[in-house]
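Here's a quick tour of a protein model for you. Take a look at the picture first, then follow the notes below.

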Amino acid sequence: MVGFVIISHSKKLADGVVDLTRMMAPDARIVAAGGLEDGSFGTSYEKIQTAIREVYSDDGVILLMDMGSAVMTAEMVLETMNHLNIRMADCPIAEGAVVGTVQAVSGASMEEILEELATLGATPKIS
Amino acid sequence: MNTEKLIRVIHAIGEKIEAEKDYLTGLDNVIGDGDHGINMSRGFQEVEKTLNAYADKEPGDILKAVGMALVSKVGGSSGPLYGTAFLKMGMALKGKTDISIEDFLKALQVAIDAVMLRGKSVRGEKTMLDAMIPAREAMESAYQEMVGTTFHAEKDSVVGTDSTKEKDSAVGTTFHKEAALTAKVILAAGVKAAWEGVEYTKTIAATKGRASYLGERSIGHQDPGATSFTMMLEALEGAL
């Protein structure tokens, strides 16, 4: 099953997004990498690495990031773990996590999930 | 610049960052998320811890270690950005035991290209690049100008010496002293241009980074990243 890592500057937000996915996909492989080691705002290279290892399998891991350094730090982690099957998704973090985990538990491949997630940003919520 | 001197320079940069920590955070409070000084200080504290193990390593490896420490500990955008810059400079200087000003300018260009790629940014977006790029350009011009004069001075100094051996050592000494002096003058030109770049960031709206959320309201405020880069360059110049 494809795994997920939620990367946010805020520990609470990352934990909350993981929590949100439990509604529809309680068995999903998903962990949070939010905030710095001491709980303050920021994105931690080490936390992201640890989180990836926690949910990794040959099916791959998808990273969902909020903004700025979350994206850049995720990129740097990918560069050092480039022998593994890890990708970043370009989508809203909460919606992406819910849609992605639902698909993952029903057996979708990493490519299928990434394709689906790529459409989320352009999907209107109103009208 | 050899390992010993590079370590001294990095200590000097760390001290500067520590001294300006509150000022940098203050700048970031206005147009960002108010953590630039805190983040940089946390990063350079980690660098300080790492440096002890590098007293006998080559300069390129030291710069790579500085980069990794910043990536690991900073927590904000300056982590991956400065981290990438130091890492790439370290890679560009691989195998060198003594960094010349020419090596430095080449490596700085590699670092700038890497920062542009990492941040998906160009000059004029109110970022550290607005200090880095003009600083490098000014240093390159100063270098080109001085290479001409140094070359002539060297040739003149050789005239009248009989033994080839003496000739070589005379040129060597002259060159070494001049190289240090040259580096200092070139760095000074870079620092001046970098501060001008910082001033320029006050006049433009941010289109990259957290400050871009403020749009036009970011005008009038200087960019914290451009400021911290300039301070680091200034610390380097001061430690030469």
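Which residue in strand 2 of chain A is the bridge partner of Phe4(A)? That partner is Ile30(A). What you're looking at is a predicted model, where local features need pLDDT of at least 70 and side-chain atom pairs count only at pLDDT 80 or more, while totals for chains, interfaces and linings use all residues. Residues are numbered from 1 along each chain as its sequence is written, and chains are lettered from A and ligands numbered from 1 in the order in which they are written.

**Strand 1 and its neighbours**

- Helices (H or I, at least four residues) and strands (E, at least two) are DSSP runs, numbered from the N terminus.
- Strand 1 (residues 3-8) of chain A and strand 2 (residues 29-34) of chain A pair in the parallel sense over 6 bridges; strands pair if DSSP finds at least two bridges between them.
- Between these two strands the chain passes through helix 1 (residues 11-21) of chain A, and this β-α-β crossover is right-handed (with the strands pointing away from the viewer, the path from the first strand over the helix to the second runs clockwise).
- Strand 1 of chain A also runs parallel to strand 3 of chain A, joined by 5 bridges, and there Val5(A) has Leu63(A) as its bridge partner.
- In strand 1 of chain A, 6 of the 6 residues are buried, so this strand is largely enclosed by the rest of the structure (buried: 20 or more other C-beta atoms within 10 Å of a residue's own; exposed: 12 or fewer; partly exposed: in between; C-beta atoms are placed from the backbone).
- Gly3(A), Val5(A) and Ile7(A) point one way from strand 1 of chain A, with Phe4(A), Ile6(A) and Ser8(A) pointing the other way.

**Helix 5**

- Helix 5 (residues 110-120) of chain A has Met110(A), Ile113(A), Leu114(A) and Leu117(A) as its buried residues.
- They span an arc of only 100 degrees around the axis, which puts them on the same side of helix 5 of chain A (the arc is that of the directions from the helix axis to the C-beta atoms).
- On the other side of helix 5 of chain A, you'll find Glu111(A), Glu115(A) and Thr119(A) exposed.

**Where the chains meet**

- Here 12 residues of chain A are in contact with 12 residues of chain B (contact: C-beta atoms, placed from the backbone, within 7 Å).
- Helix 3 of chain A gives the largest share of chain A's side, 4 residues.

Conventions
Two residues are in contact if their C-beta atoms, placed from the backbone, lie within 7 Å.
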